[in-house]
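Student: I am new to this structure. Can you show me how to read a few of its features?
Tutor: Gladly. Let us look at it together.

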Amino acid sequence: YKRQDLHCAQRGGMFTPFFRKEPVRNLDDSKACNAKEHARYFHHMLDQGFYTPPSAFEVAFVSAAHTQADIDAFLNVFEKI
């Protein structure tokens, strides 16, 4: 994917990457996302030891249990998609 084809919805410690250029504001927007790219993201992250939600309609969470090193490692792996 091209970086501009990614929109990450975030609220507090919850986040969901949506593989599309525009923000996702409703169900129709989310259904219009690139499901193949989400699957590629999911399997890439899983292969690197990060279990993210397998569906684009679920959210991931960052909690107080995650260290800055955990977050940095996640971002480093994500950058290599």
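Tutor: Start with a definition: a residue is buried when its relative accessible area is under 20%, exposed when over 50%, and partly exposed in between. Keep in mind that this is a predicted model.

Student: Is C33 buried or exposed?
Tutor: C33 has a relative accessibility of 14%, so C33 counts as buried. C8, at 42%, is partly exposed.

Student: How many disulfides are there?
Tutor: A disulfide is a covalent bond between the sulfur atoms of two cysteines. Here the count is zero. The cysteine sulfur closest to that of C8 is in C33, 11 Å away, which is too far for a bond.

Student: Which residues of helix 3 are buried?
Tutor: In an α-helix there are 3.6 residues a turn, so residues three or four places apart point the same way. In helix 3, the buried residues are F74, V77 and F78. They fall within an arc of 100 degrees seen down the axis, so they line one face of helix 3. Q68 and A69 are exposed on the other side.

Student: What covers the buried residues of helix 3?
Tutor: The cover includes strand 2 (14-18) and helix 2 (35-47).

Student: Where is T16, and what is it in contact with?
Tutor: T16 sits in strand 2. T16 is buried, at 5% relative accessible area. Beyond its neighbours within four places in sequence, T16 is in contact with H7, C8, A9, A56, E58 and V59. A polar atom of the T16 side chain lies 3.0 Å from the backbone oxygen of E58.

Conventions:
Residues numbered from 1 in each chain as written. Predicted model: local features only at pLDDT ≥ 70, side-chain atom pairs only at ≥ 80, totals over all residues. Heavy atoms only, no water. Buried < 20%, exposed > 50% of the residue type's maximum accessible area, 1.4 Å probe, protein only. Helix = DSSP H or I, 4+ residues; strand = E, 2+ residues; numbered from the N terminus. Arc of directions from axis to C-beta. Contact = heavy atoms within 4.5 Å. Polar contact = N/O pair within 3.5 Å; in protein donor to acceptor, adjacent residues only side chain to side chain. Disulfide = S-S within 2.5 Å.
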